[in-house]
Amino acid sequence: VIAWLLWFFLSLPLFLLDGWLVQEVWPVPSLTFALCMFLGLYARPSALPGLLLCAALARSVLVGGDAALHVLILGMPVSALVPLRLVFYRRHLLWQCTAASFLAVTVPKATAFLGRFAEAVPDAPPVSWSQILWAACAVPPATWVLRSIPPLSLFRESAE
Amino acid sequence: MIRGGRRLFPVSLYAMLLAALCCIAAPDLARPVQGWCLWVLCLPLRTWAVLMAEPKATPALDRTAAASADVLQRRLHRAAVADIAGLLPPGLEPVVCAVVDRGEIDAAGLPSALWLDRTVAETADCLDIVTYGDALLGFLAPADAALGAAGQGAPVRVDLLHAARPGRGPRRVPCAVQTSATLLRFVAEPAGRIDRWPLRGTLFEQPYAASRLDHSGDPVRTTALAGDPLGALPAGLRVGTLQVWGYPGREHPLPIGLYVQPALDPRAISAVVLWRPRRPVEAPAPRLAAAEQRSVQLLAVPAPPPATERWVLTASSREVLPRGAALVRGAAVFGVVEQSGPGFALAAPFGRSRQLWSLLLLPDAPELPPIELLARGVRRDSAHLCFRSEAARGPLPAGLLFTGANGPHCPPGLLIGRAVPDGASGDLVVAPMPVYDGAFAVCIGREVAP
């Protein structure tokens, strides 16, 4: 319960930090992508709906639109990554970079596509190659940080 | 390596995605629960906002914005009564009214009713026609109990030309179009909800001539019809433009239906004119209360892409601020409330979302009338707002951009900023006014639409 409460209240500061990093440090929302990568590759499958719901609620506060919309925006790339655990043997770094690039393309695309159904979501800019490269470099270490510290470390899959 | 289908294909995750899809289709299902979750989730953010935002007195009206709003009012009034002098009977005087709300979607997916900032009692002696310039927009709603007419102190309603008026029947308008060969008279009536245009032509005087119409865009004007059972209308008022819809032909389309595109888009109308017998001495007219302003404290917080900035608003009372309410300082608008709970709200900069806005452009050239626009915010860069007009019109002039009528909580005449047309795209680019943490206000109007 404590882990869930922690994640419920810390998901919003995580996205706040992501917004600050995008404005001040680097041009891609690395923590959003890192969270998706954690959910797709490292999280306990049974905990996925709860983790995703809290993240979607927090993202809806800062980006706009209903939480259901953000469940789909974050959940669709995650649901594509989950079956790939079969081939992501020992979480090789190259695979992580590939997954980060995949997320750097699909999350903005999903935002642009699904955002058409919600007027409150701003128009998503097109993704550039430099942003994909940035994501490939920055997201794996960010994912490592996320899965190493609570509360997300408490939801890590035991078989990892 | 993980084994087992359930781990690789978690049913609960896919079930949740399916449920989210259902919630998007029916958003009202999940909103109450979501509201409570957000209220709890935002507790730390609100505490931070209360601690960080320094309480200040609400600043006085910004002089530039207020002066610009006055100029807009004067030029809007002038444009609203232009070109109609010879079309109406003598001895009438105009009553220029602001639109405060719009009705439900009707024919062609457009709202069919407008509510004005005047009461039923105030407009008791007005004619039933409603105009803007030389365009006929609709009719004052009749005082009929079957239509749910409101009390004397309620805002007056305008039924647009395409309003179905259940229980009473539509107000059909006798009109005419000047073709290359002849003057073709017909009756315009409300079209269907799925039709492309809100008015349909019927009862053509010369059906053969109607079947030979080969192009759209000719102006349609009212005609005097002797013995009109619905009451005589002044002739020559602009109804809209004729639209020919039919099978594509070799030389010209074979018409199946003839429609009329109204002169003004009902979603963009911000002001209308009523007409009443001239009064010898102008008595001060009691007006409906304008939207009230509630003081709030603003704290800017960073947001991940595609949003760039989000504002946490904290109010002194525990009142729930309405969604869509304008965040203002004096007569200038900065943002819009998007989510709210008791005593707090989350707002986004005005024009950053994809919402369709009713806007008023006041051109720099003083001889040009204010332009009513229907525009959507599009992404340009973080330093500028950018609006793309929905209607395909020519290049827009530079000028000051104001809000149009966007519901009771976002009244017309709030300054957005100075707009300059972008040469390549024709979009209007606006440099927004700077926003600092501190005291702002949120507009709260009276909900009138059912």
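These legends describe close-up views of a predicted model.

**View 1. The interface between chain B and chain A.** In this predicted model, 46 residues of chain B are in contact with 58 residues of chain A. The two chains bury about 4,400 Å² between them, and carbon and sulfur atoms give 71% of that area. The number of salt bridges between chain B and chain A is zero. Six residue pairs are in polar contact across the interface, with both residues at pLDDT 80 or more.

**View 2. The side of chain B that touches chain A.** At least two residues of this side come from each of α1 (5-8), α2 (11-25), α3 (31-41), α4 (43-52), β13 (292-302) and β16 (332-341) of chain B. The largest share belongs to α2(B), which supplies nine residues. By residue class, the side of chain B that touches chain A has 31 nonpolar, six polar and nine charged residues.

**View 3. The crossing of α4(A) and α5(A).** Helix α4 of chain A spans residues 67-81, and helix α5 of chain A spans residues 93-114. Their axes come within 9 Å and cross at roughly 150 degrees. The crossing is right-handed.

**View 4. Residues in the contact of α4(A) with α5(A).** From α4(A), the residues are Leu69(A), Leu72(A), Ile73(A), Met76(A), Pro77(A), Ala80(A) and Leu81(A). They meet Ala99(A), Phe102(A), Leu103(A), Thr106(A), Val107(A), Ala110(A), Thr111(A) and Leu114(A) in α5(A). Of the residues in this contact, 13 are nonpolar, two are polar and none is charged.

Definitions and conventions:
Residues are numbered from 1 along each chain as its sequence is written. Chains are lettered from A and ligands numbered from 1 in the order in which they are written. This is a predicted model: local features need pLDDT of at least 70, side-chain atom pairs count only at pLDDT 80 or more; totals for chains, interfaces and linings use all residues. Side-chain values use heavy atoms; hydrogens and water are left out. Contact means heavy atoms within 4.5 Å. Buried area is the accessible area (1.4 Å probe) that two parts lose on being put together, summed over both. A salt bridge is a side-chain nitrogen of Lys or Arg within 4 Å of a carboxyl oxygen of Asp or Glu. A polar contact is a pair of N or O atoms within 3.5 Å; within protein, one must be able to donate a hydrogen and the other to accept it, and residues adjacent in sequence count only if both atoms are side-chain atoms. Helices (H or I, at least four residues) and strands (E, at least two) are DSSP runs, numbered from the N terminus. Ala, Val, Leu, Ile, Met, Phe, Trp, Tyr, Cys and Pro count as nonpolar, Asp, Glu, Lys and Arg as charged, and the others, Gly among them, as polar. Axes are lines fitted to C-alpha atoms, for helices over the stretch in contact, and angles run from 0 to 180 degrees between N-to-C directions. A crossing is left-handed if the near helix is turned anticlockwise from the far one by less than a right angle, and right-handed if clockwise.
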